[in-house]
Amino acid sequence: MTTKRTSFDIVVIGAGPSGLYAAYYAGFRGLSVAIVDALPEVGGQIAAMYPEKLIYDVAGFPAIRGQELVDRLFEQASRWDTTFFLGASATGLAEHPDRVEVTTDQGDVITAGAVIISGGIGNFVPRELPTGSDYLDRGLRYFVPRLAELAGHDVVVVGGGDSALDWALSLEHVAKSVTVVHRRPQFRAHERTVEQVLASEKISVMTPYEIAKVSGDPVLEEVVISTKDGDDVHLPAQSLVAALGFIADLGPIEGWGLELRKRHILVDRTMRTNLERVYAAGDIADFDGKVKLISIGFGEAAQAVNHIAHLLDPSTSTTPGHSSDA
């Protein structure tokens, strides 16, 4: 494998919303920037898992589809001369007194003045459905990247978190029927989302039930759900969406000497980690009082860039003013 060496002011690891905004803001501060991401396209979890899902908590957008948000962030980041290393996993980090070096599995060695890690939840795989996992790609799915693929289907959604109920709401006007199955009467999702699901005339909610049997040949035709008392309900289903959460790990990042707390990177108020030239922003960053919102990640990215700008050039202010002043 041929080694390819490049140099930038900042290298951002992770091309999700926070990473894309960090790239834009670095360009706004006059810094050269590269983004590294293991996925072949920008957007992180949004692009990979729910590009058509409506997002409601981004300032300025009453509602915006995931892919549209990604497209706008990519356009914003591309306003400057941003370099993208996509389909390349960051495997190594070497810190020097005046620089850092990030290596990838594609043979890249990227030298930078500082690093911003914005890798979301790191590497993630969905929690497997205990019953019916052999129906994967035959009706069972863990993500719904294209809602139209489920048009006219009887859909059973399993889970009680935000993803499960968000997909149920997204599918209520697309699918023939939508049934949410959860093993407890209580849901973990946002209170407002739960209220919307319970109020919907097109979504059935079955609690406390679990998947007892999945059948159909060669593709899914029926799902049987059951209570602990053995009460069975037979549901027609051509699609079964298992939204049971994820098993996440930080991959090579865990070996970089960063201070961690439950698979998240601890940062101070400047978003700096325990390593002088390594910062973190977005869902992967953690500190006391952290609120996990996309919009919060944007602010964290800007905070990191501003302090990196001062680190690279002490004569530069950490409070540069507003973009409208430019």
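This is a predicted model: local features need pLDDT of at least 70, side-chain atom pairs count only at pLDDT 80 or more; totals for chains, interfaces and linings use all residues.

Reader: How many helices and strands does the chain have?

Author: Helices (H or I, at least four residues) and strands (E, at least two) are DSSP runs, numbered from the N terminus. The chain has 6 helices and 22 strands.

Reader: What radius of gyration does the chain have?

Author: The radius is taken over C-alpha atoms, and the globule rule is 2.2 Å times the number of residues to the power 0.38. For 326 residues a compact globule would have a radius near 20 Å, and the chain's 22 Å agrees with this. Its C-alpha atoms fill a box of roughly 70 × 45 × 35 Å along the principal axes.

Reader: In which order do the strands of the open sheet lie?

Author: Two strands pair if DSSP finds at least two bridges between them. Here 5 strands lie in the order E10-E17-E11-E12-E13, with parallel pairing. Strands E10 (140-141) and E13 (203-206) are the edges, each pairing on one side only. Helix H4 (residues 162-171) packs on this sheet, touching E11, E12, E13 and E17 (239-242), and its direction makes about 170 degrees with that of E12. Contact means heavy atoms within 4.5 Å; axes are lines fitted to C-alpha atoms, for helices over the stretch in contact, and angles run from 0 to 180 degrees between N-to-C directions.

Reader: Why is H4 described as largely enclosed?

Author: A residue is buried under 20% relative accessible area, exposed over 50% and partly exposed in between (1.4 Å probe, protein chains only). In H4, 7 of the 10 residues are buried, so the rest of the structure largely encloses the helix. Among them are Trp-167 and Leu-171. The cover includes helices H2 (44-49) and H5 (191-199).

Reader: Which residues of E2 point each way?

Author: Val-33, Ile-35 and Asp-37 point one way from E2, Ala-34 and Val-36 the other, and all are buried. Strand E1 (residues 4-13) pairs with E2 in the parallel sense over 4 bridges, with Ile-13 opposite Val-36. On the other pairing, 4 bridges join E2 to the parallel strand E5 (residues 83-86), where Ala-34 stands opposite Thr-83.

Key
Residues are numbered from 1 along each chain as its sequence is written. Side-chain values use heavy atoms; hydrogens and water are left out.
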